[in-house]
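Please read it with the coordinates open.

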Amino acid sequence: MRFAGANVLVTGGLGFVGARVARALVAEGASVTILDNGFNGSEQAVAGVPAHVVRGSVTDADLVADLVRPADLVFHMAAQSIIASTADPREDFASNFIGTLNVLMAMKGRPPEACRMVYTSSASVYGNPRHLPVAEDDGFCVLSPYAAGKLCGEHYCQAFYEVYGVPSAIVRYSNVYGPGQTNRNPYCGVIGKFIEAAISGQPLRIHGDGEQTRDFTFVDDAVEATLLAALTPSAIGDVFNAGTGTECSINTLARLVLEAAGSASPIEYVAKRDIDNIPRRAVSIEKARRRLRWAPRVRLREGIGRTVAWYRQMADTHP
Ligand SMILES: NC(=O)c1ccc[n+]([C@@H]2O[C@H](COP(=O)([O-])OP(=O)(O)OC[C@H]3O[C@@H](n4cnc5c(N)ncnc54)[C@H](O)[C@@H]3O)[C@@H](O)[C@H]2O)c1
């Protein structure tokens with residue numbers, strides 16, 4: 001019960017990862033309030049969880065201030081996905097950047113010992129890194145408005161810490177997947193899309209030649225890194241990768257999904273999208289290992305198996 005009695009605000013708590021964070025916090029004794037505008041999430045993600053859900057936007061400064069005031073801890077996770085952000089950079093700027101500024105401004109009004117925050121950033125800030133696996137201080141390469149917004153949010157967290165003492169820690173996720181990432185959500189990641197196609201006998205569509213790599217993180221591992229960032233006092237003012245440190249090509253991923261689902265779906269190669277401009281990704285997790293005492297527990301093959309089982313169960317209960 002690491003969060004027993006804590007009042008916690010989770011922005012974006014109806015989304016894929018946010019809902020799992022909210023569930024974990026409730027299970028660990030916290031009293032959780034979720035702020036989410038439903039752009040990409042729904043109450044179904046926290047069904048049966050005794051959390052207080054406020055439907056509203058992080059762009060509403062007064063609402064954010066009202067919700068931050070009683071909180072001991074804020075997990076700021078509300079964001080537009082990379083696909084939505086690329087389609088509408090203005091909305092992305094409002095949600096991802098102004099939203100973050102609103103949370104920080106509200107935090108600034110609280111004594112630093114009263115409330116801490118974790119900001120969930122993204123490995124997309126590395127773009128095409130010079131070295132793999134890329135470490136936190138290896139530099140940035142911004143290749144999308146989404147990455148620009150996430151990095152801006154990080155810089156503001158760090159600036160508010162330096163100037164006003166607002167205590168925040170940053171976790172950079174790398175391609176999170178797992179149960180809860182449903183393909184009913186149009187912004188679902190590649191693993192969810194592949195699984196849905198594999199179990200329904202549809203082709204698995206690969207953008208480009210499939211040799212691009214990513215570092216896929218099981219959702220429970222990402223959640224634990226996020227909670228540890230909140231629990232570790234020395235994480236304040238710092239940034240941590242959450243990944244596995246290993247690359248997997250999309251071709252390999254497709255094979256793993258077909259195997260786990262026992263599917264004979266074909267693989268289809270289609271044109272690259274505007275967001276497909278990062279050929280390789282793997283993040284170093286040494287800093288999180290050392291400082292947060294965190295390590296990923298779920299290997300890709302096992303995580304895919306667990307996600308396939310969840311999809312099958314979903315298909316049975318919500319045909
Ligand atoms: N899933 C990944 O692979 C991944 C990778 C890197 C970083 N991240 C970051 O992790 C966080 C969670 O990602 P996710 O995969 O759960 O995404 P998600 O899209 O499932 O969840 C984001 C939630 O934010 C909500 N939201 C969007 N705009 C909002 C606004 N203006 N006000 C209030 N709520 C708003 C959406 O409705 C959604 O429920 C995000 O900050 C994202 O940038 C995720």
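1. A residue is called buried here if 20 or more other C-beta atoms lie within 10 Å of its own, exposed if 12 or fewer, and partly exposed in between, with the C-beta atoms placed from the backbone. Thr226 has 29 other C-beta atoms within 10 Å, and therefore counts as buried. The model is a predicted one, and every value below should be read with that in mind.

2. Thr226 is part of helix H7, which spans residues 219–231. If residues up to four places away in sequence are left aside, Thr226 touches Val21, Phe75, Val118, Thr120 and Val171.

3. As to the overall fold, the chain has 10 helices and 13 strands. Its radius of gyration is 19 Å, close to the 20 Å that the globule rule gives for 319 residues, so the chain is as compact as a globular protein of that length. Taken along the principal axes, the box that the C-alpha atoms fill is roughly 60 × 45 × 40 Å. Of the 319 residues, 48% are buried, and among the contacts with a separation of 6 or more, 78% are between residues 24 or more positions apart.

4. The chain is divided into two domains, of which domain 1 covers 7–175 + 218–242 and domain 2 covers 177–215 + 246–284 + 298–317. Their C-alpha centres lie 25 Å apart, and the contact between them takes 26 residues from domain 1 and 23 residues from domain 2. On the side of domain 1 that touches domain 2, at least two residues each are supplied by H1, helix H3 (82–87) and helix H7 (219–231). The largest share of that side, 4 residues, comes from H3. By class, the residues of this side of domain 1 divide into 14 nonpolar, 9 polar and 3 charged.

5. Which residues are closest to the ligand? They are Gly12, Gly15, Gly41, Ala79 and Ser122, within a surrounding set of 31 residues. Two or more residues of this shell are given by each of helix H1 (16–27), strand S2 (31–36), helix H4 (89–108) and strand S5 (116–122). H1 provides the largest share, 3 residues. The class composition of the shell is 12 nonpolar, 18 polar and 1 charged residues, a count to keep in view if charges are to be assigned around the ligand.

6. Helix H2 (residues 61–68) has Val64, Leu67 and Val68 as buried residues. Seen down the axis of H2, these buried residues fall within an arc of 95°, so they line one face of the helix. The packing partners of the buried residues of H2 are strand S1 (7–11), S2, strand S3 (52–55), strand S4 (73–76) and H4.

7. Some backbone features deserve a check by eye. The peptide bond from Leu132 to Pro133 is cis, with omega near -5°, and Pro133 lies in the loop between S5 and helix H5 (145–164). Asn175, a residue other than glycine, has a positive phi, near 35°, and is placed in the loop between strand S6 (168–173) and strand S7 (176–177). Arg293, likewise a residue other than glycine, has a positive phi near 55°, and belongs to the loop between helix H9 (286–292) and helix H10 (300–317).

8. Are Asn175 and Arg293 buried or exposed? Asn175 has 21 other C-beta atoms within 10 Å and is therefore buried, whereas Arg293 has 10 other C-beta atoms within 10 Å and is therefore exposed.

9. A last point concerns Arg110, which is found in the loop between H4 and S5. Arg110 has 20 C-beta neighbours inside 10 Å and so counts as buried, given that the cut-off is 20 or more.

Notes
Residues are numbered from 1 along each chain as its sequence is written. This is a predicted model: local features need pLDDT of at least 70, side-chain atom pairs count only at pLDDT 80 or more; totals for chains, interfaces and linings use all residues. A residue is near a molecule or strand if its C-beta atom, placed from the backbone, lies within 6 Å of it. Ala, Val, Leu, Ile, Met, Phe, Trp, Tyr, Cys and Pro count as nonpolar, Asp, Glu, Lys and Arg as charged, and the others, Gly among them, as polar. The arc is that of the directions from the helix axis to the C-beta atoms. Two residues are in contact if their C-beta atoms, placed from the backbone, lie within 7 Å. Domain bounds come from an automatic or database domain assignment. The radius of gyration is taken over C-alpha atoms; the globule rule is 2.2 Å times the number of residues to the power 0.38.
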